[in-house]
Amino acid sequence: MFDRDIWQEIIYSIKNNKLRTFLTGFSVGWGIFILVLLLASVNGMQNGFYLQFNDDATNSIFVRSGSTTKAYGGFEANRKIQFKNNDIDYIRKSFPEDLEYISARYYANTTARYKSETGSYSVQAVEPEYQIIEKTIVTDGRYININDLVSKAKVAVIGRKVKEDLFDTEDAIGKFVEFNGLPFRVIGIFTDDGDDNAERSIYAPLSTYQSIYGNTDYIDNIALTYNPNYDLTKALSFSNRLENLFKRRYKVSPEDQSGIRVWNYAEAFSDISSFTSVLNAIGIVVGLLILIAGIVGIGNIMVFTVKERTKEIGIRKALGAEPGQIIKLVILESVFITAMSGFIGLFFAWIILAIVGPNIQSPAFANPSVDFSTVFTATIILVVAGVFAGLIPAMKAANIKPIVALRDK
Amino acid sequence: MIEIKDLHKSYKMGSNALHVLKGINFSVEEGELVAIMGSSGSGKSTLLNILGMLDELDEGSYTLDGVPIKNLNETKAAQYRNKFLGFIFQSFNLINYKSAAENVALPLYYQKVGRKERHDKALKYLEQVGLKQWSSHLPSELSGGQKQRVAIARAMAAEPKVLLADEPTGALDSKTSYEVMDLIQKINDAGNTILIVTHEPDIADMCKRIVHLKDGVIVEDKVIDQVRAQQYV
């Protein structure tokens with residue numbers, strides 16, 4: 001394989017047919033180029049989609065309330081549904097098998113002030129388990145815990161942006177911030193991948209906010225995650241049972257889509273997954289079809305090369321070259337041309353992605369890239385393709401009778 | 001060294017067969033220098049092809065250095081050619097993008113001799129044919145006589161049992177022809193067995209034995225007094 005003589009011959013053969021080698025190599029390079037760009041685009045779309053969701057655990061379900069649109073169970077339409085604290089306990093008791101984590105959410109807006117800095121932020125009053133559901137990463141300090149909840153402590157976990165706005169470089173943990181005039185102690189700072197807006201919000205204990213704002217047990221909506229071992233079917237069945245139960249509990253018509261809404265990420269996720277995998281498959285098929293054209297081209301050039309070198313191959317065989325050695329020579333040349341062309345295509349695709357990729361700012365498209373496995377697969381494809389392209393010409397070469405070298409005068 | 005018994009060979013030409021060799025009995029001892037003569041169509045090239053394992057015999061037997069040459073597959077034939085035979089062609093058949101030394105080293109490459117040793121041996125044989133200083137030149141930079149001497153060095157490089165030369169002087173002028181024959185005689189003097197196919201009587205006279213072929217049979221097989229090529233050089 002790493003025989004200098006073989007490489008000398010391959011390089012000679014390529015040098016002798018520069019234009020032809022370039023033209024056929026181009027088609028393989030082009031095939032790989034398109035294949036990689038297609039896969040990278042699909043990958044970009046996939047990343048874009050996931051980015052929209054990656055705030056949340058992929059097994060999360062959100063239960064939201066609204067106003068009914070149908071009269072049902074003796075109630076008129078347009079009734080506002082209001083969840084309360086006891087709904088959480090109710091779900092806990094009703095679905096002990098299905099449930100993983102659960103938290104109520106209560107929304108408020110606040111004007112926060114620290115020293116001379118002020119800012120307006122949204123506050124989500126939640127329970128400790130919400131950290132896992134929302135996949136909140138606490139970089140400093142801690143998240144809300146059960147003690148905060150029981151003691152209705154005026155504590156807050158602030159987003160990285162909030163910290164920057166109010167504290168700049170100053171250490172924020174343990175400092176007091178005024179939320180609408182009430183002092184809250186900062187206990188933690190959180191970040192959120194890729195979403196600056198999420199970092200402009202504040203988490204506070206649910207009970208604290210409920211007591212501040214009217215001492216209610218009202219909650220805006222419920223976030224929960226289901227048993228992570230559930231597959232899509234089980235997850236959907238669970239969210240359906242949950243929806244039916246809540247509609248019965250609040251006497252909402254089963255057909256009413258607006259009174260109570262259960263939003264299951266698994267469903268959206270599986271839609272997107274199947275969508276992107278179909279796109280991926282299309283990308284691969286189209287890329288491979290283009291590649292096949294290139295491979296046929298390589299096979300073609302190898303047939304010519306062998307034909308041109310018939311006499312030389314005859315001489316070699318007269319001197320003792322075995323058929324296997326001739327086959328090896330031709331196939332190596334074919335693999336070499338295919339692989340080099342392919343890598344050049346890969347390289348250009350990579351450059352384009354490196355230049356264009358980071359400049360694409362679209363919610364549905366992010367970070368189009370090829371990962372190592374794509375490159376690895378492409379390499380395997382190229383080598384196999386090279387072997388196939390060289391196979392027929394190589395057999396032809398091996399079948400050349402050395403007698404032609406003598407006869408041809 | 002070479003033992004041929006009742007050799008027959010025919011080619012199918014459409015519906016009728018062309019009987020080229022019609023029962024050849026022929027043997028060559030070690031150290032002989034044999035000219036095979038005959039007009040075109042006499043079967044001398046076919047005989048050389050069979051001797052060179054480039055073609056298969058139909059009937060009869062061929063033994064080379066005690067090894068029966070029969071039903072060889074391509075790989076085996078290649079190995080035997082490499083081990084037993086050295087070829088010298090009329091049109092030299094050097095590989096044009098390889099230097100003289102690389103051409104000479106080629107049979108050694110197929111014997112899987114290491115690169116360094118190959119080169120050393122190639123230089124040794126180039127020195128024997130008087131072309132050591134031309135070792136790094138491409139065939140295109142050599143004259144016809146020089147090319148044939150490189151080809152002779154190549155044929156000898158693998159240290160074969162028999163050298164087969166097919167019209168080795170056919171493409172050379174008479175002065176160069178004699179130079180090449182002088183070289184061949186010297187190689188023969190060193191004990192090498194050589195067979196030369198030629199239709200030139202003066203070249204045949206420089207061998208030690210002439211075998212005359214006509215219409216597929218040997219019509220004459222005589223030992224002659226060798227004419228030394230040295231005197232014409």
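**Entry 1: Val28(B)**

I began with Val28(B), which sits in strand β2 of chain B. I keep in mind that this is a predicted model. Is Val28(B) buried or exposed? I find 20 C-beta neighbours inside 10 Å, so Val28(B) counts as buried. The cut-off for that label is 20 or more other C-beta atoms within 10 Å, so the residue qualifies with its 20.

Next I looked up what Val28(B) touches, leaving out residues up to four places away in sequence. The list holds Met1(B), Ile2(B), Val34(B), Thr193(B) and Leu195(B).

I then picked Ile2(B) from that list. How far apart are Val28(B) and Ile2(B) in sequence and in space? They are separated by 26 residues along the chain, and their C-alpha atoms are 4.9 Å apart.

**Entry 2**

Strand β1 of chain B covers residues 2–13 and pairs with β2(B) in the antiparallel sense, over 10 bridges. As a reminder to myself, strands of a sheet pair through backbone hydrogen bonds, either parallel or antiparallel.

In what order do the strands of this sheet run? I read β2-β1-β4-β5 in chain B, an open sheet of 4 strands with antiparallel pairing. Strands β2 (16–28) and β5 (67–68) of chain B each have a single partner strand and stand at the edges, so one side of each is left without a neighbour in the sheet.

**Entry 3: where chain B meets chain A**

I turned to the contact of the two chains, which takes 18 residues from chain A and 22 residues from chain B. On the chain B side, α2 (74–84) and α3 (100–110) each supply at least two residues. Which element of chain B gives the most? That is α2(B), with 6 residues. Sorted by class, the chain B side has 10 nonpolar, 7 polar and 5 charged residues.

**Entry 4: two helices in chain A**

Last, I checked helix α8 (residues 232–249) against helix α9 (residues 265–308), both of chain A. Their axes come within 9 Å and cross at roughly 145°, and α8(A) passes α9(A) in a left-handed crossing.

Which residues make the contact? From α8(A) I noted Leu232(A), Ala235(A) and Leu236(A), and from α9(A) Ala266(A), Glu267(A) and Ser270(A). By class I get 4 nonpolar, 1 polar and 1 charged residues for this contact.

Note on methods:
Residues numbered from 1 in each chain as written. Chains lettered and ligands numbered in written order. Predicted model: local features only at pLDDT ≥ 70, side-chain atom pairs only at ≥ 80, totals over all residues. Pairing = 2+ DSSP bridges. Contact = placed C-beta atoms within 7 Å. Nonpolar A, V, L, I, M, F, W, Y, C, P; charged D, E, K, R; others polar. Axes fitted to C-alpha atoms, helices over the stretch in contact; angles between N-to-C directions. Left-handed = near helix turned anticlockwise from the far one by under 90°. Buried ≥ 20, exposed ≤ 12 C-beta atoms within 10 Å, placed from the backbone.
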